[in-house]
Amino acid sequence: MAYVDAEIASQPDCWREAARLAEGVRGDLPRPGERVAVVGCGTSWFMAMAYAARREQAGQGETDAFQASEFPAGRRYDRLIAITRSGTTTEVLELLAALRGRTPTTVIVGDPASPAVHLATATVALPFADERSVVQTRFATTALALLRAQLGDPVSALAADAEVAVRSPLPIDPATIEQATFLGRGWTIGLAQEAALKCREAATFWAEAYPAMDYRHGPISVAAPGRLVWAFGELPDGLPEDVAATGAAFVHSRTHGWRTVLGSWSAGRTPVDPMADLILAQRFAVALATSRGLDPDAPRHLTRSVVLA
């Protein structure tokens, strides 16, 4: 079994641990009404996007997400949250150093002994979710689970959805798909971006991601038989029918369970949170890699952390 397989399967327990941890670190996380920036790189950036949109949706205050290298230095925030698994990523370290003494910063990190810890005002360590794999899975969702728990989302209960996601059969055979597009709305746009990245990282596979409302403004032109559209969260009216007309397969998780248009697969009728649906997409990416003869634990051109000279 690949390292990443075991790490994906461990996510329900990691989410429960994050929910327990959230109450004890509340003072280090954004308070209602604070103006907050959230940063990361790669996967962590997409989790920042998801949290920022979810926090604003929850009425907790203005929240912006940035790739760490693109943080607008002239803006002022009440607090900055940096998500970084390794705590060694160059762009994150440079930003934390630049903000010292100017803006309160909290780093959410896998390694509590990493350099980022010494640069941040506060640290929330998730060593139980740290990973051996290059490709991030459980650290990313656990960081988001922690932040969602702080917003009041029922993360302990959502771990039951994660249990379904790690056990269920895949909604579609990866070997039958030549391209995938992932869609989201609001906070699930970040999840869609992350699902596409997993396919690119683990399987060197052609995968894209878009806001669901924007999909029909051009990107739908690549949909065709043998291709896949996978949506997270709420759907725009008419989207499933428009995708079906292209001949592409369509996968969507909604409150009546997963379903696949142009297929007969269903995971039952258990309500499924979009973050649990991301677990299924992670498994799809790993299965893609295997079907293409690739090792998902050794992705091409990638290292566990980007440390620049």
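Let's start with the lining of the largest cavity. Helix α10 gives the most to that lining, with three residues. Here a cavity is a set of points, on a 1 Å grid over the protein atoms alone, where a 1.4 Å probe fits but cannot get out, and lining residues have an atom within 4 Å of a point. Helices are DSSP runs of H or I with at least four residues, strands are runs of E with at least two, and both are numbered from the N terminus.

A word on the model. It is predicted, so local features need pLDDT of at least 70 and side-chain atom pairs count only at pLDDT 80 or more, while totals for chains, interfaces and linings use all residues. Residues are numbered from 1 along each chain as its sequence is written, and side-chain values use heavy atoms, with hydrogens and water left out.

Back to the cavity. How many cavities of 30 Å³ or more does the structure hold? One. The volume of the largest cavity is about 30 Å³. A volume is the space filled by probe spheres set on the grid points, which are joined across faces, edges and corners. The lining consists of V4, I8, V135, T137, K198, A202, Q282, A285, V286 and P296. Two or more of the lining residues come from each of α1 (3-9), α8 and α10 (274-291). By class, seven are nonpolar, two polar and one charged. For the classes, Ala, Val, Leu, Ile, Met, Phe, Trp, Tyr, Cys and Pro count as nonpolar, Asp, Glu, Lys and Arg as charged, and the others, Gly among them, as polar.

Next, the largest pocket. A pocket is an open set of points with protein on both sides within 12 Å along at least five of seven lines. The volume of the largest one is about 380 Å³. It is lined by 22 residues, and the closest to its centre are C41, G42, Q136, R304 and V306. At least two lining residues come from each of α3 (43-57), β3, α4 and α8 (188-203). The lining divides into eight nonpolar, ten polar and four charged residues.

Is T89 buried or exposed? It counts as buried, at 11% relative accessibility. Buried means under 20% relative accessible area, exposed over 50%, and partly exposed in between, with a 1.4 Å probe and protein chains only. Beyond its neighbours within four places in sequence, T89 is in contact with C41, T84, S305 and V306. Contact means heavy atoms within 4.5 Å.

Now Y51, in helix α3. It is buried, at 0% relative accessible area. Setting aside neighbours within four places in sequence, Y51 is in contact with P30, V38, L144, L147, Q150 and L151. P169 is another matter. It is 118 residues from Y51 along the chain, and their C-alpha atoms are separated by 28 Å.

On to the rings. Rings of Phe, Tyr and Trp (its six-membered ring) pair if their centres lie within 6.5 Å; planes under 30 degrees apart count as stacked, over 60 as edge-to-face and the rest as tilted. The count is eight aromatic pairs. Why is the pair of W45 and F46 stacked? Their ring centres are 5.3 Å apart and their planes are at 25°, so the pair is stacked. W45 is partly exposed at 28%, whereas F46 is buried at 7%. F71 and Y77 have ring centres 5.9 Å apart and planes at 45°, so that pair is tilted. F71 is buried at 12%, and Y77 is buried at 6%.

R35 lies over the face of Y77, at 4.4 Å from the ring centre. The rule asks for NZ of Lys or CZ of Arg within 6 Å of the ring centre and within 35 degrees of the ring normal. Elsewhere, ring pairs link F182, W230, F232 and F284 into a cluster.

T204 is in the loop between α8 and β7 (207-211). Its phi is near 45°, a positive value in a residue other than glycine. Most residues other than glycine have a negative phi. T204 is partly exposed, at 32%.

A223 is in the loop between β7 and β8 (227-231). It is buried at 12%. A223 touches Y215, T246 and A248, not counting residues up to four places away in sequence. G247 is 24 residues from A223 along the chain, with their C-alpha atoms separated by 7.3 Å.
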